[in-house]
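Welcome, and thanks for taking a look at this one with us. Please have the viewer ready, and let us walk through the model together.

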Amino acid sequence: VRIIFEIMKRFFEFLFYYNYHHQVKVGNEDIAVFMSWICISLGIVFYSLTLFSFISFFIFHLRLPSYIAMSFSYSIALLFGIYIYISLIYKKKYLKLVLDKSRYKKKYRFVPIIFMAIGGFSFIGVMFLVCARNNGLI
């Protein structure tokens with residue numbers, strides 16, 4: 001379990017580093033920490049909504065109301081958001097991460113964008129499949 005949390009922490013540090021520098025680059029330097037935190041949490045919402053919708057509608061064939069899926073995914077995002085806040089933002093722990101420019105290579109700066117894009121497109125794709133199944137097309 002400790003190894004999983006260490007891998008998650010490194011991945012969130014990686015995402016935070018590139019999201020922070022992207023926010024600074026586009027001119028949001030004063031709210032870059034908050035926007036980086038929100039972007040990572042939004043990606044987690046997309047992935048958890050996709051996962052919960054896929055599992056409930058296609059594997060178990062459950063017809064649960066949509067508010068259950070949304071509340072479940074928002075609670076997961078809230079838990080991860082609190083984890084990110086405590087591990088990176090609380091007591092300005094992110095400063096050591098952000099100021100170390102040699103930590104990550106520049107060739108991986110597209111990964112946070114792909115993280116968000118895959119989460120968003122997979123969510124949209126699953127919602128199209130759910131709508132098709134509810135209309136009797138699948």
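## A buried serine

Serine 36 counts as buried, because its relative accessibility is 0%, where the cut-off for buried is under 20%. This is a predicted model, so please read each value here as computed from predicted coordinates. Serine 36 belongs to helix H2.

## The overall picture

How many helices and strands does the protein have? There are 5 helices and 0 strands, and from the N terminus on the order of elements reads α-α-α-α-α.

Taken along the principal axes, the C-alpha atoms fill a box of roughly 55 × 30 × 25 Å. Of the 138 residues in the protein, 36% are buried.

## How H2 meets H5

Helix H2, which covers residues 32-59, packs against helix H5, which covers residues 111-134. The angle between H2 and H5 is about 30°, and their axes lie 9 Å apart. H2 and H5 are therefore roughly parallel to each other, since angles under 35 degrees fall in that class. Is the crossing of H2 and H5 left-handed or right-handed? The crossing of these two helices is left-handed.

## One salt bridge

Side chains of opposite charge can pair when their charged atoms come close. In this model the count of salt bridges comes to 1. The pair to find is glutamate 6 and arginine 10, whose side chains meet with an N to O distance of 3.3 Å.

Both partners sit in helix H1 (residues 2-25), and because glutamate 6 and arginine 10 are 4 residues apart there, about one helical turn separates them. Glutamate 6 counts as partly exposed, with a relative accessibility of 39%. Arginine 10, at 53% relative accessibility, counts as exposed, because the exposed class begins over 50%.

## A nonpolar patch on the surface

Now turn the model to find Leu78, Ile82, Tyr85, Ile86 and Tyr90, which form a nonpolar patch on the surface. Together these residues have about 470 Å² of accessible area.

Is isoleucine 86 exposed or only partly exposed? Its relative accessibility is 47%, so isoleucine 86 counts as partly exposed.

How values were computed:
Residues are numbered from 1 along each chain as its sequence is written. This is a predicted model: local features need pLDDT of at least 70, side-chain atom pairs count only at pLDDT 80 or more; totals for chains, interfaces and linings use all residues. Side-chain values use heavy atoms; hydrogens and water are left out. Patches are made of residues with over 30% relative accessible area and no salt bridge: like charges are joined within 9 Å, nonpolar side chains (Val, Leu, Ile, Met, Phe, Trp, Tyr) within 5 Å. Accessible areas come from the Shrake-Rupley method with a 1.4 Å probe; for residues, only the protein chains shown count as cover. A salt bridge is a side-chain nitrogen of Lys or Arg within 4 Å of a carboxyl oxygen of Asp or Glu. Buried means under 20% relative accessible area, exposed over 50%, partly exposed in between (1.4 Å probe, protein chains only). Axes are lines fitted to C-alpha atoms, for helices over the stretch in contact, and angles run from 0 to 180 degrees between N-to-C directions. Angles under 35 degrees count as roughly parallel, over 145 as roughly antiparallel, 65 to 115 as roughly perpendicular and the rest as oblique. A crossing is left-handed if the near helix is turned anticlockwise from the far one by less than a right angle, and right-handed if clockwise.
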